[in-house]
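Grab a pencil and work through these exercises with the structure open beside you. Try each task before you read its solution.

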Amino acid sequence: MTPEPLSPPPPDRPEDFPGPYEVPEDLIGAQNLSLYYGRGEKRRAAILNVNFSVFPGEFVCVMGPSGCGKSTILNILAGFVAPSEGRVLLSQKEISGVDWHRGVVFQKPPLFEWFSVWENVAFGPKARHRPKEEIRRSVAVFLERVGLSAWADKKVYELSGGMKQRVAIARSLINDPMILLMDEPFGALDALTREKMQDLVRKIWWNSRKTIFFITHDVDEALKLATRVLVMTESPGTIAREFSLGFSRAFIEDSDDRAWFSEEFYRARKAILDLIAGRADRDAEAALGPRLSEKERE
Amino acid sequence: MRRFFANKIYGVLAAGIILLAWYLVARFADLPRIILPSPGGVLQKFWLIWEDGYKGHSLVAHLADSLRRLFIAYGLAMVTAVPLGLLSGCLPKLRSALDPLVSFYRPLPPLAYYTVLVLWMGIDDGSKIALLFLAGFSPMYISSVAGVARMRPDYVNGAKTLGASSQRVFFLVIFPVALPDVFVGLRTSLGFMYSTLVAAEMVAAISGIGWMVLDASKYLQSDVIFMGIIVMGLTGIVLDGALNLLERKIVFWKGRE
Ligand SMILES: Nc1ncnc2c1ncn2[C@@H]1O[C@H](COP(=O)(O)OP(=O)(O)OP(=O)(O)O)[C@@H](O)[C@H]1O
Ligand SMILES: [Mg+2]
């Protein structure tokens, strides 16, 4: 059995924290999203009729075969592209275009190489014309949070890949966005660094109660981080299954990586891989529990 | 820094070999002075012109006249072509308006329209500067456009998700992203303008290093021609080197991402 996703919040977390599925109002509602590329004969759907919600405080991971439209969905949520059909609601208001309430972390972080680490992190608050004193304070806080306090004055090219990604995360978080959208942020990192970054993101998610929408092709990453996983089908992409996971929470509550070596972990892992490879069967149903339908969530 | 000089050694060596070959050929091949003046003769001429000047102006004055025209035209081209190119890269409508104009005049040989410029602007510096300006404009414009067009859209998208206005994105993101390409244009332009300089000084000039060479060629003064060419070449190396230095200072992140 998977750990219970609806378990009450742990004692070190304030009771008023709106955990997954406990609030009626979703933060993001994606309704009938479709996006077509090309014209005439060549017109084909990258994603077709995608529906999902993201609730405050959730850590949603999206998985699926390459080219199934994961990035397309994220680009629509961020506002970089408009869907051909459907709409996205952010706190019940339809989004149009890009704004700083949705932070984005890219796989290859487009850091500003002409600025120092400090200036990169300060970019958001400066753009929003925050007072100088406040900017100084919050940059220090967020550099500390990603463990780069000592690197504030370094140039971007002096950083390793993992550090660059930390800067990108700090740069997004400092704006206190309503949701953090991450597109395979650790895909280009080596295994050891990736694990460190996963721990960092999990810690930040837990302590800051941020809502995170996270694309990955690494099934272990999804299992170790997500409170909910959306699995997409081959293109044109739609969401085939979604299910709740509790390994991430179990890890934090136990402060121990026991959960990674449990039998449930391996069964869930196999079930997800089977789903992505199109080998879904009854075993998956057994390992991941029944499908979560809209009704069940309410 | 030591590597820098170590690599320069080979350039100096190559130049030395050519100088030596020149000296030997001039000394032993028994060619007429007009075909190949000796290095010593050219050096002598250099001192002579350095002290007495050439036709009313000192060598420094000739060089200064040329460089003044070059720099004025270069500055004008820079402050127009770079902003226009960057804007064109961002605004497809502006680009489709400007691109045809630039691609129309760019391949024309400068001398083809120089006459028209002289007719319009007279024989003074105005027409020369205009000619140099046009020669320098297109490379700067084209590479500025390319610098924006080649940018990963993530840069602009990323900046916008951080709350930056379009202005902020343009000045703090698009401009620096395009800077390495802008510098490619600046260097190409410099070379292009420099080679147009002689053409610009062909008509109705009485000073300038290019004019000096052309004037000397009328009287088959090979040593003056050689001297002028070497001075022009060395000046070109210094200018390009200065620009290179500036680029490394300003675009310090280039090639280190
Ligand atoms: N600009 C575009 N023009 C045409 N087709 C595109 C464009 N961008 C994406 N596509 C197509 O849309 C589909 C979905 O692309 P998308 O990048 O969202 O996939 P993905 O799931 O993120 O893949 P990956 O795991 O490789 O990152 C792909 O089949 C791709 O070929
Ligand atoms: Mg992708």
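**Exercise 1: a strand and its neighbours**

E7(A) pairs with strand E8 (residues 211-215) of chain A in the parallel sense over five bridges. Strands here are DSSP runs (E, at least two residues) and helices are DSSP runs too (H or I, at least four residues), numbered from the N terminus; two strands pair if DSSP finds at least two bridges between them.

Before you go on: this is a predicted model, where local features need pLDDT of at least 70, side-chain atom pairs count only at pLDDT 80 or more, and totals for chains, interfaces and linings use all residues. Residues are numbered from 1 along each chain as its sequence is written, chains are lettered from A and ligands numbered from 1 in the order in which they are written, and side-chain values use heavy atoms, with hydrogens and water left out.

Task: find which residue stands opposite Asp183(A) in E8(A), and which strand pairs with E7(A) over four bridges.

Solution:
1. Look across to E8(A): Ile215(A) stands opposite Asp183(A).
2. Strand E6 (residues 102-105) of chain A pairs with E7(A) over four bridges, also in the parallel sense.
3. In that pairing, Val105(A) stands opposite Met182(A).

**Exercise 2: buried or exposed?**

Task: work out how many residues of E7(A) (residues 179-183) are buried, and which way they point.

Solution:
1. Buried means under 20% relative accessible area, exposed over 50%, and partly exposed in between (1.4 Å probe, protein chains only).
2. By that test, five of the five residues in E7(A) are buried, so the strand is mostly covered.
3. Ile179(A), Leu181(A) and Asp183(A) point one way, while Leu180(A) and Met182(A) point the other way.

**Exercise 3: two helices in chain B**

Task: describe how helix H7 (residues 153-161) and helix H8 (residues 166-200) of chain B cross.

Solution:
1. Start with the chain: chain B has 10 helices and zero strands.
2. The axes (lines fitted to C-alpha atoms, for helices over the stretch in contact, with angles from 0 to 180 degrees between N-to-C directions) come within 10 Å and cross at roughly 155 degrees.
3. That makes H7(B) roughly antiparallel to H8(B), as angles over 145 degrees count as roughly antiparallel, under 35 as roughly parallel, 65 to 115 as roughly perpendicular and the rest as oblique.
4. Now the contact (heavy atoms within 4.5 Å): Tyr155(B), Val156(B), Ala159(B) and Lys160(B) in H7(B) meet Val169(B), Val173(B), Ile174(B) and Val177(B) in H8(B).
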